[in-house]
Every structure is written in structure tokens, then in C-alpha cells.
Amino acid sequence: MGEQAVTPAGADADPAATPADGAQGGSGAATAGMTADGQPAAPAGVPGAGMTADAGGTGGPRELTADLVAGPGGVMTDEVGVVTGELTLKSRYADGQATLTVQYKDADEWYAVTGGTAKLADPADLDAVHTVALALLHRPEG
């Protein structure tokens, strides 16, 4: 195949022409890394390129917290049994696993929620785990 010239929509055939949007035509056009002839383009400064949606980056540790009021029966923990009242839930992702812990609101000690661990294939799934756990544990009306 021979080389093909790509002219931006609305640009004249003249490679030095400038389209109405101000972008340069011809070889000076921003390509965001794409070309028609298979040759790699020079890197383009594209904001956000290579970033992940959850700002957690490459799947390293992530934490989400939320305050809740435990309903009747409280929340069962591995260390101290049932905790009740105003609590803070922490959902944490690390090493492919989600872990739920609770603490009395504004206290220092965290307690593992009994049965509160699960393997996750995607760190982004922590958002759903946290939302479901909060919905199950936050029962201020009983």
C-alpha cells in the first residue's frame, strides 16, 4: 500500500491550510496517536490519556468510608462481637480483596466485620460492595 494523506474535515487540500477550528492541517494536525498510513504519530498532549476512572490508579489499595447507625442487632465483628449505635464503615480494597471494617464513630479502633471479606477481580467493584454493605448495615429506623 502506498502512503495516504489524511486531510481533516473542512480543510483545503493545501497541507498548510488551517481549518476554521484553528487546528493545523496537513502534517501539523494533532492526531492523538492515530494515523492512516500505519506509521506511529508523535505523542500528542491529550489531557487524561492513560488515567483510570477511579483515581485509585493501577489497582493499589483503595478505601471508602461512610457513617451509619446500626439497626437492632448491631454489626457482628470478629474482635469484640456486636457493635451498635453510631458507627463508621470502611470498605478497603487491597491485593484483590475487599475488606469491611467498622469503628464507633470518631473512635480509634477498627473491627473486622464478620464475613466481611470478598475477592474482587476489579478494584472499581469496591464502589458496589461499599454501597451494598452500607445499605445493609445502615438501619436507623430499625
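Leaving aside neighbours within four places in sequence, valine 75 is in contact (heavy atoms within 4.5 Å) with Ala70, Gly81, Val82, Val83, Leu87, Val102, Val113 and Leu137. The model is a predicted one, with local features needing pLDDT of at least 70 and side-chain atom pairs pLDDT 80 or more, while totals for chains, interfaces and linings use all residues. Residues are numbered from 1 along each chain as its sequence is written, and side-chain values use heavy atoms, with hydrogens and water left out.

Val75 also belongs to the largest nonpolar core, whose twelve residues are Leu68, Ala70, Val75, Val83, Leu87, Leu89, Leu100, Val102, Tyr111, Val113, Ala133 and Leu137. A core of this kind is a set of buried Ala, Val, Leu, Ile, Met, Phe, Trp, Tyr and Cys residues joined through side-chain atoms within 4.5 Å. Buried here stands for under 20% relative accessible area, exposed for over 50%, and partly exposed for anything in between (1.4 Å probe, protein chains only). Two or more core residues come from each of strand 4, strand 5, strand 6 (111–119) and helix 1.

As for the overall layout, the chain has one helix and six strands, and from the N terminus the order reads β-β-β-β-β-β-α. Helices (H or I, at least four residues) and strands (E, at least two) are DSSP runs, numbered from the N terminus. Of the 142 residues, 25% count as buried. Take the contacts between residues at least 6 apart in sequence: 45% of them join residues at least 24 apart. The accessible surface comes to about 9,300 Å², with 54% of that belonging to carbon and sulfur atoms; the areas come from the Shrake-Rupley method with a 1.4 Å probe, and for residues, only the protein chains shown count as cover.

Now for helix 1. This element takes in residues 126–137, twelve in number, and reaches 16 Å from its first C-alpha to its last, close to the 16 Å expected at 1.5 Å a residue (1.5 Å times one less than the number of residues). Its buried residues include Leu126, His130, Ala133 and Leu137. These cover an arc of only 70° around the axis, which puts them on the same side of helix 1; the arc is that of the directions from the helix axis to the C-beta atoms. An α-helix has 3.6 residues a turn, so residues three or four places apart point the same way. Cover for the buried residues includes strand 1 (62–69), strand 2 (75–77), strand 4 (86–94) and strand 5 (97–104).

His130 also pairs up with a residue of strand 4, Ser91. The two side chains make a polar contact at 2.6 Å, that is, a pair of N or O atoms within 3.5 Å; within protein, one must be able to donate a hydrogen and the other to accept it, and residues adjacent in sequence count only if both atoms are side-chain atoms. Ser91 is buried, at 0% relative accessible area. Thr88, likewise in strand 4, counts as buried at 9% relative accessibility, and a 2.8 Å polar contact joins its side chain to that of Asp67.

Two aspartates have positive phi values. Asp95, in the loop between strand 4 and strand 5, has a phi of about 50° and is exposed at 82% relative accessibility. Asp106 sits in the loop between strand 5 and strand 6, with phi near 70°, and is exposed at 68%.
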